[in-house]
Amino acid sequence: MVPRPLLQPLVPRLRRLLPGLAMSSATGSFSLQQPLNYRGGARLQPADGGQVEEVYEPATGRVIAKLLCSGEKEVDLAVQSAKAAFKVWSQMSGMERCRVLLEAARIIREQRDEIATLETINNGKSIFEARADIDVSWQCLEYYAGLAGSLAGEHIQLPGGSFGYTRREPLGVCAGIGAWNYPFQIACWKAAPALACGNAMVFKPSPFTPISVVRLAEIFTQAGMPKGLFNVVQGGVATGQFLCHHPDVAKISFTGSVPTGVKIMEMAAKGIKPVTLELGGKSPLIIFSDCALENAVNGALMANFLTQGEVCCNGTRVFVERKILDTFTKEVVKRTQKIKVGDPLLEDTRMGALINRPHLDRVQNFIKQAKEQGAQVLCGGDLYAPDDPKLKNGFYMRPCVLGNCTDDMTCVKEEIFGPVMSILPFDTEEEVVERANNTKFGLAGGVFTRDIQKAHRVVAALNAGMCFINNYNVSPVELPFGGYKASGFGRENGRAAIEYYSQLKTVCVEMGDVESVF
Ligand SMILES: NC(=O)c1ccc[n+]([C@@H]2O[C@H](COP(=O)([O-])OP(=O)(O)OC[C@H]3O[C@@H](n4cnc5c(N)ncnc54)[C@H](O)[C@@H]3O)[C@@H](O)[C@H]2O)c1
Ligand SMILES: C[N+](C)(C)CCCC=O
């Protein structure tokens, strides 16, 4: 048994952070009674709604909190609270906003292990990965803090000494709606650029993972943001709809599935609201025979098995040049079988539990269907029961590699959102590019080759928003991230995101007399 040096010392610190939580040890003992709504700078119970959802610890299958869904009144109060704070925040200079964002980043860095522990308990991903997610989160705040002071328009000279200038202005109250796979990170990817630009935000996390984002809200207040600048409403479809339809919401930034993305866009259309849609994917990863094999194998594992495979940009269609198919497949299977599945709070675990029982069943069904359609399970794919009895009701499965796949199989066409890699042989560059693009999605893509010209030629030909050469699923916050086609539009991260959280005002200044045509 691996020791848990970090966990026991964390308990008192978690108690300090979340005074209402009852926590006597780590996995299997966390529970939360505190309110999960955050409005006007404080946790509180929603003013209306009150439908109750159970929140699970995926590692054990235990209920760890009861979620009270926010009704229309609570959503309105959160939006009004954000609107009031917007008046103050939007008038501050970029440098003033920068300092507050930097302070928030500092607090997150200081509390990294505690926040990562909360994320692991509620999401099921390994603590090793959760820490990396929290690092990406504070880096995102630092990055946009750095940009806040330099957000500016242009000066444009016109005839006769007249001129024009542009002002980059905030939009107002932005709604953020998140998925459950990266709860804290998704909230930071939305909040950091939005707040840097001078907006306020009302955020609704997934009802499966409502916990860590409330911690983010508390940190923002502690860092010096005006009370109400970042509010959290909780719930599922109905709460999300109240938020999207609210007339004082100026923009919707959504991360989730394609079907929900369609509904979000319909609601936004009714209010003529701009949207950012970060949706699903079925991305190709192309392995040429001239690759550095060990890197390519590492890349394929990174592309498929982070966060139990519940990653939007995963490269789940692994195209392998036929010449190295056997060698590559053998190595990938060997390495996949070595992935340690189990208690996500243990230091050496690399794959934890899937988000919930219905999702685990859904992934299992994809594997069953793949077998029926002729795919061969080369390893994993079965349910896994860790030895530790407290984990017996957790949502575990072994990571799966499917061979003998063809492009028409469901496992190759649909987003599984679980630890399932499909291997597909190919013969020529032209063929693989065409097959790689033959999908409704366009979130990401990757290529492994030592031929630099080929690498750039292939990524230029891929219809995908985020491409990787000789790596996969790294996420520097400086790089824009987002999809083509059904994977959505708008960008998160990088300078590009500023475009999606601000609007441009043009001012035309006459220095002479008005020459009227009348
Ligand atoms: N592109 C990205 O950056 C990215 C990142 C993470 C996840 N995803 C995608 O998210 C999906 C998995 O997440 P999920 O299961 O939480 O997705 P989902 O679409 O079921 O839910 C996403 C969010 O939308 C809310 N919601 C659901 N119906 C709504 C409605 N009618 N109106 C307003 N809000 C509504 C949910 O409560 C949740 O907060 C996958 O398809 C994955 O690829 C994309
Ligand atoms: C951090 N990753 C691995 C790039 C994932 C981004 C968010 C997608 O689900």
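Select Leu293, Ala296, Val297, Ala300 and Leu301 in helix α10, then Thr327, Phe328, Glu331, Val332, Arg335 and Thr336 in helix α11: these two groups meet, contact being defined by C-beta atoms, placed from the backbone, within 7 Å. The residues of this contact divide into seven nonpolar, two polar and two charged; Ala, Val, Leu, Ile, Met, Phe, Trp, Tyr, Cys and Pro count as nonpolar, Asp, Glu, Lys and Arg as charged, and the others, Gly among them, as polar.

The model is predicted: local features need pLDDT of at least 70, side-chain atom pairs count only at pLDDT 80 or more, and totals for chains, interfaces and linings use all residues. Residues are numbered from 1 along each chain as its sequence is written, while chains are lettered from A and ligands numbered from 1 in the order in which they are written.

Helices (H or I, at least four residues) and strands (E, at least two) are DSSP runs, numbered from the N terminus.

Move to strand β8 (residues 163–170), which eight bridges join to the antiparallel β24; strands pair if DSSP finds at least two bridges between them. Here threonine 166 stands opposite threonine 506 of β24.

Finally, select ligand 2. Around ligand 2 are Asn181, Tyr182, Leu306, Val311, Cys312, Cys313, Asn473 and Ser475, each with its C-beta atom, placed from the backbone, within 6 Å. This shell has five nonpolar, three polar and no charged residues.
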